[in-house]
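Here are some notes for a first look at this model. Please read them with the structure open.

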Amino acid sequence: MQLCYYQILVGRVLLGFFFVAVGILNIIGWDSNINILYANYFPMPELLLGTAIAAEIILGLFVAIGMFHQVAALLLILFTIFVAPIYLDFWNLSGPAMIATLVQFLSDIAVIGGLLMVSGTKHTK
């Protein structure tokens with residue numbers, strides 16, 4: 001069974017919106033994010049965070065509107081693979097915090113699956 005145009009469209013919009021929303025939340029939580037980057041000894045954390053937020057929002061919009069969505073999805077996959085272990089280090093936690101963080105990490109794996117599907121679809125009119 002082939003996916004209907006509207007299923008692909010809604011899925012792409014929802015997935016793109018996820019990254020736009022997370023980018024906005026990262027702006028709101030700027031100080032907390034900077035502290036995480038400093039704690040992990042990243043150079044130029046302000047520039048790195050600003051670039052990451054811009055990438056989330058811009059690439060998320062590209063996925064949502066179907067503009068360069070295949071490339072945008074692949075770049076977001078790389079972004080997620082890089083960022084998830086930094087922010088979701090469940091292996092350093094225990095108890096309920098470990099379980100909650102592991103669930104978030106597994107959700108990122110599912111998002112990568114969705115992005116793989118988006119990267120494999122052509123934009124139809």
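**Notes on helix packing and ring pairs**

1. In α4, His69, Gln70, Ala73, Leu74, Leu76, Ile77, Thr80, Ile81, Ala84 and Pro85 meet Phe105, Asp108, Ile112, Leu115, Leu116, Val118 and Ser119 of α5. Contact means heavy atoms within 4.5 Å. The contact residues comprise 12 nonpolar, four polar and one charged.

2. The model is predicted: local features need pLDDT of at least 70, side-chain atom pairs count only at pLDDT 80 or more, and totals for chains, interfaces and linings use all residues. Residues are numbered from 1 along each chain as its sequence is written, and side-chain values use heavy atoms, leaving out hydrogens and water.

3. Helix α4 spans residues 69-87 and helix α5 residues 95-119; they pack at about 165°, with axes 8 Å apart. That makes α4 roughly antiparallel to α5 (angles over 145 degrees count as such). The crossing of α4 past α5 is left-handed.

4. Ser119 lies in helix α5. Ser119 counts as buried, at 15% relative accessibility (buried means under 20% relative accessible area, exposed over 50%, partly exposed in between, with a 1.4 Å probe). Leaving aside neighbours within four places in sequence, Ser119 contacts Gln70, Ala73 and Leu74.

5. There are six aromatic pairs (ring centres within 6.5 Å; planes over 60 degrees apart count as edge-to-face). Phe42 and Phe82 are edge-to-face, 6.2 Å centre to centre with 80° between the planes. Phe42 sits in the loop between α2 and α3, and Phe82 in helix α4, 40 residues apart.

6. Phe62 and Phe68 also pair edge-to-face, with centres 5.6 Å apart and planes at 70°. Phe62 is partly exposed at 25%; Phe68 is exposed at 57%.

Conventions:
Axes fitted to C-alpha atoms, helices over the stretch in contact; angles between N-to-C directions. Helix = DSSP H or I, 4+ residues; strand = E, 2+ residues; numbered from the N terminus. Parallel < 35°, antiparallel > 145°, perpendicular 65-115°, else oblique. Left-handed = near helix turned anticlockwise from the far one by under 90°. Nonpolar A, V, L, I, M, F, W, Y, C, P; charged D, E, K, R; others polar. Phe/Tyr/Trp six-rings, centres within 6.5 Å; stacked < 30°, edge-to-face > 60°.
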